[in-house]
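Visitor: I would like to learn how to read a structural model feature by feature. Could you take me through one slowly?

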Amino acid sequence: MADNKLYQALGVSRTASDSEIRRSYRKLAKEYHPDKNPAAGDKFKEISFAYEVLTDPQKREIYDRYGMKGLQEGDNNFAGAEDLFGHFFGGGGPFGGLFGGFGGGFRNAQRRGPRRGENTIHKLKVSLEDLYNGKVSKLQLSKNTICTACGGEGGPAGALQPCRNCNGRGVKVTITQLGPGMVQQMQSRCPECDGEGEVINERDRCQVCMGRKVTPQTKLLEVHVDKGMKDEQRITFRGEGDQMPGVEPGDVIIVLQEKPHEAFQRSGSDLMMKQTITLTEALCGFSRVVKHLDGRNLLIKHPPGSVLVPGCVRGIEKEGMPFHKNPFEKGDLYVRIEVEFPDNYFASEGKLKELEAILGGRPAAPALPEDAEEVNMSDIEETPSMGGNRGQYYDEDDDHPHMGGQHVQCAHQ
Ligand SMILES: [Zn+2]
Ligand SMILES: [Zn+2]
């Protein structure tokens, strides 16, 4: 395992970073290129090979552990160590897609440049009043911030050491011998350094963050719920997510959740409400006071003589929700009229005649065919199903139909 030839070829140390290797290769390649230096053909091949292996994280891992022998074995595999990697880590091949997700963490660990932290999503319940009037909600949340005591280093300068368990790469490779000349390789996040590639000695750890580099902080966010905002609307606080050294913090995203309202239902920028009135009011007019979402009392009037049919809808212009970003414009308010009929109207016969006269009399009774059968209408709880056989059948020995399990008796005997 002391095979160091490839590092020596490029004149770098075993712990050299990717960019150091690339830099050194470029310098040497210029020097030994066959066009310039035809006598150094072998040297050029050597540095090219070293470069190819050491800039490929998988190959470098194998070389670090098993030396040149490991690389040769890998190349002679029936599947080839390379192919296995290709398959497992989404590098193409028929299983690339299948195992794409598996390799995600690995790729993250390998990628250079700032990573981006995850977004934090919070739900915020808001009333319809809040969405009508606008509101500033204060939201307290806990987030990790870079430790101010150690500046996110986790300890004093130089305390950070490359993790020995993973050679500072944050990734562990497990190679299992499946059979003669066959190896399987698996990569996983290094448990020693939690994928960071660096560790701090226990006694060197920053006392404030215990070497975690971050400390939890309570942060107060002012969420501006603007007039006319909608259910599920998102308010984004850029970069307010958890901080971590070398990681660009994600966003905090507030998702509004509109609470149901007792009186109003919302449909986009329109509002809908129900108003229950009596039969007398439906015929003779009514006036009602309705409290709007901003506390104003709206006087709703309907003139006598213009009949309101149960379920009819009347509109009031510009009394709906304000438009988002244009709150002086508003949608409409729709009022659905429900008419409460009297339960039973037991008035004297004289009163009924009077009522009949007021309402304009009844159509004359139809001429009765001779074979008309008089039946009773009574309350039937269950509505007989239309078009199906359910609940309707004839007994063999009598021809009384049964509907919905209830015996319907013929009045004509
Ligand atoms: Zn600290
Ligand atoms: Zn490690």
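The dialogue below takes up a metal site, a helix, a sheet and some salt bridges in turn.

Guide: Please keep in mind from the outset that this is a predicted model.

Visitor: Let us begin with the metal, then: which atoms coordinate the zinc ion (ligand 1)?

Guide: The zinc ion (ligand 1) is held by the SG atoms of C147, C150, C206 and C209, at 2.2 to 2.3 Å. Along the chain, these donors follow the spacing C-x2-C-x55-C-x2-C.

Visitor: Is C206 buried or exposed, and what about C209?

Guide: A residue is called buried when its relative accessible area is under 20%. C206 counts as buried because its relative accessibility is 8%, and C209 counts as buried at 2%.

Visitor: Turning to helices, how many residues does α3 have, and what distance does it reach from its first C-alpha to its last?

Guide: Helix α3, covering residues 41–54, has 14 residues and reaches 20 Å between those two atoms, close to the 20 Å expected at 1.5 Å a residue. Its buried residues include F44, I47 and A50, and also V53 and L54.

Visitor: How many bridges join β13 to β19?

Guide: There are 8 bridges between β13 (residues 270–278) and β19 (residues 333–340), and the two strands run parallel. Within this part of the sheet, K274 stands opposite R336 in β19.

Visitor: I would also like to understand the salt bridges; what is the count?

Guide: For a salt bridge, one looks for a side-chain nitrogen of Lys or Arg within 4 Å of a carboxyl oxygen of Asp or Glu, and by this rule the count comes to 20. One of them joins the side chains of R22 and D18, at 3.2 Å from N to O. Because R22 and D18 are 4 residues apart in helix α2 (residues 18–32), about one helical turn separates them. R22 counts as partly exposed at 30% relative accessibility, whereas D18 is buried, with a relative accessible area of 18%.

Visitor: Which parts of the chain does the pair of D64 and R169 tie together?

Guide: D64 and R169 form a salt bridge whose closest N and O atoms are 3.2 Å apart. D64 lies in helix α4 (residues 57–76) and R169 in the loop between β4 (160–162) and β5 (171–179), so the pair ties together parts that are 105 residues apart in sequence.

Technical notes
Residues are numbered from 1 along each chain as its sequence is written. Chains are lettered from A and ligands numbered from 1 in the order in which they are written. This is a predicted model: local features need pLDDT of at least 70, side-chain atom pairs count only at pLDDT 80 or more; totals for chains, interfaces and linings use all residues. Side-chain values use heavy atoms; hydrogens and water are left out. Donors are N, O and S atoms within 2.8 Å of the metal (3.2 Å for Na, K and Ca); water is not among the atoms, so sites may look incomplete. Buried means under 20% relative accessible area, exposed over 50%, partly exposed in between (1.4 Å probe, protein chains only). The expected span of a helix is 1.5 Å times one less than its number of residues. Two strands pair if DSSP finds at least two bridges between them.
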